[in-house]
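Thanks for passing this one along. Here are my notes, as numbered points, to read beside the model.

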Amino acid sequence: MTEIAKCIGCGATLQSEHPNEAGYVPKSSLNKEDVICKRCFRLKNYNEVQDVDLTSDDFLNMLKSLHNEDGLIVNVVDVFDLEGSMIHRLKDIVGKKKVILVANKMDILPKAINKKRVEIWLRQRAKDYGLNPDKVVLISAAKNQGIDELLGTIEEIRDRKDVFVVGTTNVGKSTLINRLIEKSVGEKDVITTSHFPGTTLDMIDIPLDDDSYMFDTPGIIQSHQMTHYVTDKELKVIMPKKEIKPKVYQLNEEQSLFLGGLVRVDYKKGGRRSLTCFISNDLNIHRTKLENADDLWERQIGELLKPPYSKENFDFNNLKNNVIFVKDERRDIMISGLGFITVDEGAEINVIAPKEVEVTSRKSIL
Ligand code: GDP
C-alpha cells in the first residue's frame, strides 16, 4: 500500500491536479520527500497568503468547527457583488460571536455615492441573511484604504479573543490578509499554520498578542457568482478594476440595452427617461429597439454583443426574465457580478440574464 503524501507545512494531502485547492504541488514534486505545498511555500518565502478554494463538504465541516470556537468573525464581502459574496450559512457559525462586516473594493464605486447609504444597504442585506454586524467597515484592500480603521475596529471589538476572517472566493480576502500581515507583523516571520479541529485543512494564523490569533479561513465558491459562468478572459472585462464611470442612456419605452451579450435590459414602461449604468468601463453597452432585440441577440452574440467571446459559451435556453417595477423611489437594479442600473420612480423593466445570476433591487445609493 502506498502512503498518502502530505505537505510537511500544513498536513494537507498533496495533489497536482487542482492549483487552487489544498495541497497543490507541481507533478514533478509529488514523489519527493519532505514536500511543502504551493500555499505553504508562498507563505514561508513571501509572507503571502494564497486563497484555497474548498468544496462544500470541506466548507461545511469548517463551519461546524468554527461554530464551537469563541472569537470575532470578520466577514469580507465584495461591495460590487454583495449577492454573490454573502455566505448563506454564516449565521450558523456565528452563534454569540461578534461580527464585523467588511465591504471591500470601495475604490470601484464612483466617489459621488453616499457611504452612509451603502452602509445602510449592507446592514439590511446582512439582516436578510440573519446577521446583525456589530460594525460595518468600508475598505479597499487593493488601494490600502480603510485598513487602519479596520485594524482599530478589530482590536476594539475582539476583546482579546481570536479573529476568524471568512469570505467567498474573489472578494479580495487574500489581498486584505496580506495587507493586515504587512501592518501587523511587518517583515517578521511569525506567521504559522495550525491544525484546525474537524477540518482537512489547516488555517493560516497571524499572532495578535501572546495568546490570540487571526485565522485566515479558506474561501468558498458560490455557485451564483457570475464569475463562475464566464471565462478568465471575459472576467477581466466584466470585473471593474478602476473607479466606474457611470454611463447614462436616454431611453424611450420599448428600447433595450445589451450589457455585452450577457444580459439584456428591456425598458418597458414609464415614458422617456434616463437609465444610469454602473458597470465595468470595459464592458460595451449596445442600445436597440425591443422589437429587434431577440433577433439581434441571436445573430450578434459573440460578435457585436460580447463578452461572451463565442456563441458556444452562451446558452439561450438558460435565461430568466426578472421583471422589476420601480414604484415610488429611485432604485438601483443590481445584476450580481456585473453591476447596477439606477432608475427613477415609475418604471417597468425586464432584465433577462442567465438563470443563476441574481437580479435584485435596492434603494439607490446615489
Ligand atoms: P480572494 O479570492 O478573496 O482571496 O480574492 P483576491 O485577494 O485573490 O482578489 C480577487 C480579485 O479582486 C483580484 O483580481 C484582486 O486584484 C481584486 N481585488 C482585491 N481587493 C481589491 C480592491 O480593494 N479593489 C479592487 N478594485 N480590486 C480588488
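1. Strand β11, residues 255-259, is joined to β14 by 5 bridges, and the two run antiparallel. Within this pair, L259 stands opposite I285 of β14. Strands here are DSSP runs of E with at least two residues, helices are runs of H or I with at least four residues, and both are numbered from the N terminus. Two strands pair if DSSP finds at least two bridges between them.

2. A word on the source before going further: this is a predicted model, in which local features need pLDDT of at least 70, side-chain atom pairs count only at pLDDT 80 or more, and totals for chains, interfaces and linings use all residues. Residues are numbered from 1 along each chain as its sequence is written.

3. What is the order of the open sheet of 5 strands? It reads β14-β11-β12-β18-β15, with antiparallel pairing. The edge strands, β14 (285-289) and β15 (319-326), each pair on one side only. From one strand to the next, the twist averages 20 degrees. Helix α9 (residues 290-300) packs on the sheet and touches β11, β12 (263-269) and β14. The direction of α9 makes about 125 degrees with that of β14; axes are lines fitted to C-alpha atoms, for helices over the stretch in contact, and angles run from 0 to 180 degrees between N-to-C directions. Contact means that the C-beta atoms of two residues, placed from the backbone, lie within 7 Å.

4. For the chain as a whole, there are 9 helices and 19 strands. Of its 366 residues, 42% count as buried, that is, with 20 or more other C-beta atoms within 10 Å of their own; 12 or fewer make a residue exposed, and values in between make it partly exposed, with C-beta atoms placed from the backbone. Among contacts between residues at least 6 apart in sequence, 71% join residues at least 24 apart.

5. The largest nonpolar core has 84 residues, and V74 and I335 have the most contacts inside it. Such a core is a set of buried Ala, Val, Leu, Ile, Met, Phe, Trp, Tyr and Cys residues joined through C-beta atoms within 7 Å. Beyond its neighbours within four places in sequence, V74 is in contact with I100, V102, I154, V163, F164 and V165. A second, separate core of 8 residues includes C7, A12, A22 and V25.

6. Do look at D134, in the loop between α5 (115-128) and β4 (135-138). D134 counts as partly exposed because it has 14 C-beta neighbours inside 10 Å. Not counting residues up to four places away in sequence, D134 touches K98, V99, I100 and I157.
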